[in-house]
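Dear colleague,

Please find the structure below. My notes on it follow.

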Amino acid sequence: MKMEKKLKVGILGATGMVGQRFISLLENHPWYEVVAVAASPRSAGKTYQEAVGDRWKMSSPMPEAVKNLVVMNVNQVEKVASGVDFVFSAVDMGKEEIKAVEEAYAKTETPVVSNNSAHRWTPDVPMVVPEINPEHFQVIEFQRKRLGTGRGFVAVKPNCSIQSYAPVLTAWKEFEPYEVVATTYQAISGAGKTFQDWPEMVENLIPYIGGEEEKSEQEPLRLWGKIEDGVIVKAQEPVITCQCIRVPVLNGHTAAVFVKFRKKPSKEQLVEKLAAFKGLPQELELPSAPKQFIRYLEEDDRPQVKADVDFENGMGISIGRLREDTVYDYKFVGLSHNTVRGAAGGAILCAELLTAQGYIEAKQ
């Protein structure tokens, strides 16, 4: 798909860590150009470079194209929306405030692709991993009726913690996984932090991340759900129980997972399904799509964060240590990049698919 002219994009919550990740990933994007940045009223009126100051957290330098953009107040919805075709949302507010502001943008006929959790359980808002459940975008027509919009809507991507095992279980669907135990070892960038601003995480782990376990157990079921009567109804299986632990790693969420299957596959069958698994992003060759979505590593000591987190520019998932278990059928270890595939990159891939399918287009 060739774009005649790049779509104009705004980033809500542009000064935070995920906002910064959006900006760095969208530099030189073939379809999108960042023309507006919005944040809290205290940043408004400053240039982006001034507003971020010494809080730029990406390893690559701040793109020149955004440095002198003047930050707008995210609450001045009409003003921000008037200059863009659609927005990415990574705002840092209370849940109800986020819901209200994202719907307000949608009602200006500006599609919103959100990294936030606020709308993940709104019944007519699609929560999508493009390789897993792209058909959920069809619920947008029902959402538009509720909002009274012609082109505006809200779409979201799921929590970063589930990316290292939900795609794997999807690839193994035909073997009917029905019970899953997962423990996630989550990077500090998932809390928007670096070691400089969270020194107590050095040589430490914290066995608690607020709200994360429920998300990790429930959100995969919504991905595997079906649209019924204009809303998404979550699947009932597999039942997942989860523990989430914050570990002293900058980027990369690792999961140790145990699975029971109704139909007993061989290890070879499971590995084969992982390697072969692909979805619409791969078929359509979307700009951010990994060529290989899931790869299996044979070495006993992989996946490792340092060696594997940037696989496919952070958009691919690495799996290893798949073996039979004495209590469950199989166990494995998964790794995904939490701020690329798990956050901004996953949202950009959603936007690319929405663009390819005609849900997002220029406002004229």
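In helix α1, the buried residues are Met 17, Val 18, Gly 19, Gln 20, Arg 21, Phe 22, Ile 23, Ser 24 and Leu 26. Please bear in mind that this is a predicted model.

Helix α1 covers residues 17-26, and nine of its 10 residues are buried, so that the helix is mostly covered. The elements that cover these buried residues include the strands β1 (7-12), β2 (32-39) and β4 (86-89), together with the helices α2 (48-52), α3 (64-67) and α12 (340-356). Just past the end of α1, Asn 28 has a positive phi of about 65°.

The other helix I looked at is α8, residues 212-223. Buried in α8 are Glu 212, Ser 216, Glu 217, Glu 219, Pro 220, Leu 221, Arg 222 and Leu 223. These residues pack against helix α7 (166-171) and against the strands β7 (177-186), β9 (231-233) and β10 (239-246).

The volume of the largest cavity is about 40 Å³. Its lining is made up of Val 128, Val 129, Pro 130, Lys 157, Pro 158, Gln 163, Arg 341, Gly 346 and Cys 350. By class, that lining has five nonpolar, two polar and two charged residues.

Regards

Key:
Residues numbered from 1 in each chain as written. Predicted model: local features only at pLDDT ≥ 70, side-chain atom pairs only at ≥ 80, totals over all residues. Heavy atoms only, no water. 1 Å grid on protein atoms, 1.4 Å probe; cavity = no way out; pocket = protein on both sides within 12 Å on 5 of 7 lines; lining within 4 Å. Points joined across faces, edges and corners; volume = space filled by probe spheres on them. Nonpolar A, V, L, I, M, F, W, Y, C, P; charged D, E, K, R; others polar. Buried < 20%, exposed > 50% of the residue type's maximum accessible area, 1.4 Å probe, protein only. Helix = DSSP H or I, 4+ residues; strand = E, 2+ residues; numbered from the N terminus. Contact = heavy atoms within 4.5 Å. Expected span 1.5 Å × (residues − 1).
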